[in-house]
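User: I am new to reading protein models. Please take one part and walk me through it closely, step by step.

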Amino acid sequence: MLLVGTALLAVRGELFPAPVHQVPSAALDDVRRIGKVQAEGSDELGHDGQSDIAYTFIIDVRSARPQGAAGKATSLLRGQGWEVIGQGRLGVAMKSARWRAVLSVDRFDRAALQYEPDLLKVLQEKSVSDESLVIIRVDAYRDE
């Protein structure tokens, strides 16, 4: 009977929990150093029997122009050892040369945070101006 109970726990994932991939804290510190963090949060995302913890930061990089905020954030992150691996109309994808992490730098848009109401609430409570804000999303890097 003990063997059957153990087998059921294993099947349900309680005995052998799914691996959780986390961003190294030093990589998160790299991101926090580029400006004033106005809000941050994390979400655990599960897929393929594994979990990833993704982090979202709203950072004021003190840019003179809203159009220049993402560029300034990208430049500051390059100085922290991050490399551009892709660029699109709305933002930049980067990979750390030191940490097992990737991130995206996007221009600030409140609509992009529609699924993160806690972050929007923090921003509303602080009465933060949008001009020099960027959205940075950080994930653990896995080469699979």
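Analyst: Start with a definition. A residue is buried under 20% relative accessible area and exposed over 50%, and partly exposed in between. Val122 has 28% relative accessibility, so Val122 counts as partly exposed. Keep in mind that this is a predicted model.

Val122 sits in helix 4, and that helix is our part. Helix 4 covers residues 117-126. The protein chain has four helices and seven strands. From the N terminus, their order is α-β-α-β-β-α-β-β-β-α-β. Of the 144 residues in the chain, 35% are buried.

Which residues of helix 4 are buried? They are Leu119, Leu120 and Leu123. Look down the axis of helix 4: its buried residues fall within an arc of 100°, so they line one face. An α-helix has 3.6 residues a turn, so residues three or four places apart point the same way.

Now turn to the face away from the buried side. Pro117, Asp118, Lys121, Gln124 and Glu125 are found there, and they are exposed.

Next, the end of the helix. Lys126 belongs to helix 4. Its relative accessible area is 41%, so Lys126 is partly exposed. Ser127 follows helix 4 and has a positive phi, near 50°.

What lies across from Val122? The C-alpha atoms of Val122 and Glu40 are 9.0 Å apart, although 82 residues separate the two along the chain. Glu40 is partly exposed, at 39% relative accessibility. Glu40 also forms a salt bridge with Arg32, with 2.8 Å between the closest N and O atoms.

Arg32 has another partner. Its side chain meets that of Asp29 in a salt bridge, at 3.1 Å from N to O. Asp29 and Arg32 are three residues apart in helix 2, so about one helical turn separates them.

Arg110 and Asp130 pair at 2.8 Å, N to O. Arg110 is in the loop between strand 6 and helix 4, while Asp130 is in the loop between helix 4 and strand 7. The two are 20 residues apart. Arg110 is partly exposed at 29% relative accessibility, and Asp130 is partly exposed at 30%. As for Asp29, Arg32 and Glu40, salt bridges with shared partners join them into one network. The structure holds six salt bridges.

Definitions and conventions
Residues numbered from 1 in each chain as written. Predicted model: local features only at pLDDT ≥ 70, side-chain atom pairs only at ≥ 80, totals over all residues. Heavy atoms only, no water. Buried < 20%, exposed > 50% of the residue type's maximum accessible area, 1.4 Å probe, protein only. Arc of directions from axis to C-beta. Salt bridge = Lys/Arg side-chain N within 4 Å of Asp/Glu carboxyl O.
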